[in-house]
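Notebook open, structure loaded. I want to look up a loop contact, a helix and a surface patch.

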Amino acid sequence: MSDLKRLYRELVSLEIELWNGIEGRLRAEYDLPLTSFEVLHLLLRRPGPRIQDIAEEFSITVGGTSKVVDRLETAGLCERRANPTDRRSSIVELTPEGRKLVDGALKVFEDELELRIGSVIPEQSVREVTAVLSALRAAGRALDAQRKAAGQTPAPGMRAPKQPGRPAS
C-alpha cells in the first residue's frame, strides 16, 4: 500500500508543480491565469460550447464556469451568443482579441510542456503514461458512477482540498 501512497503524492505534487509553473509563465508573459487559458484553449479547439459543456470538460460547477466566462467576457476575450438550437442556453465564442491572445499563450503553454515533460521523458513514455492516467481516470469515474447509482456518497471529510490556482468549483 505504501507504493500507492507514494504514487498518489507524486501525482498530486506533479500536478501542482505543473500548474504553478505553466501559470507562472502565462501570467508573466500574458497576464493570463491558467484557468482562463484552459477555457480559451477549449474555445479554440471546440468552437461554440455551452457553459454546461465547458463545466463538464473541466469537472467544475456550472456556477464556477459561468464566473470564469464572465471575467473573460468582461475582458473582451469571448462572448456569449444565443444558442440557435436551444433558447434556454447560450454558446460561448472567442472574440478576435481572445483568439489572438490564446494563439500566443498556446505557444508558451506548449513550450513549458516541452521543457517540463517532453525534454525529460521520451515520446513513447509520454504515450504510455497518458494511457495509464486515462485508464485510472476512467476507472475512477466508473467507480463514482457506481457509487452514485447505489446511493453512496463519499464521507464529508473525503473531499479533496481546493488547490490554489485550480478552476473554481
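I started with the side chain of Ser-89, which makes a polar contact with the side chain of Asn-83 at 3.0 Å. This is a predicted model, so I'm reading that distance as a computed one. Ser-89 sits in the loop between strand E1 (78-82) and E2. Leaving out residues up to four places away in sequence, I get Arg-50, Ala-82 and Asn-83 as what Ser-89 touches.

Next I checked helix H5. H5 covers residues 96-118, and at 1.5 Å a residue its 23 residues should span 33 Å; I find the end C-alpha atoms 31 Å apart, which agrees.

Then I asked myself which residues of H5 are buried. My list reads Gly-98, Leu-101, Val-102, Gly-104, Ala-105, Leu-106, Val-108, Phe-109 and Glu-112. I also looked up what covers them: helix H1 (2-30), helix H2 (34-45) and strand E2 (90-94) are included. A reminder to myself: an α-helix has 3.6 residues a turn, so residues three or four places apart point the same way.

Last entry, the surface. I found a nonpolar patch made of Leu-4, Leu-7, Leu-11, Val-129, Val-132, Leu-133 and Leu-136, with about 590 Å² of accessible area together. H1 and helix H6 (123-149) are the elements that give two or more residues to this patch. H6 gives the most, with 4 residues.

I picked out Leu-136, which is found in helix H6.

Methods:
Residues are numbered from 1 along each chain as its sequence is written. This is a predicted model: local features need pLDDT of at least 70, side-chain atom pairs count only at pLDDT 80 or more; totals for chains, interfaces and linings use all residues. Side-chain values use heavy atoms; hydrogens and water are left out. The expected span of a helix is 1.5 Å times one less than its number of residues. Buried means under 20% relative accessible area, exposed over 50%, partly exposed in between (1.4 Å probe, protein chains only). Contact means heavy atoms within 4.5 Å. A polar contact is a pair of N or O atoms within 3.5 Å; within protein, one must be able to donate a hydrogen and the other to accept it, and residues adjacent in sequence count only if both atoms are side-chain atoms. Patches are made of residues with over 30% relative accessible area and no salt bridge: like charges are joined within 9 Å, nonpolar side chains (Val, Leu, Ile, Met, Phe, Trp, Tyr) within 5 Å. Accessible areas come from the Shrake-Rupley method with a 1.4 Å probe; for residues, only the protein chains shown count as cover. A salt bridge is a side-chain nitrogen of Lys or Arg within 4 Å of a carboxyl oxygen of Asp or Glu.
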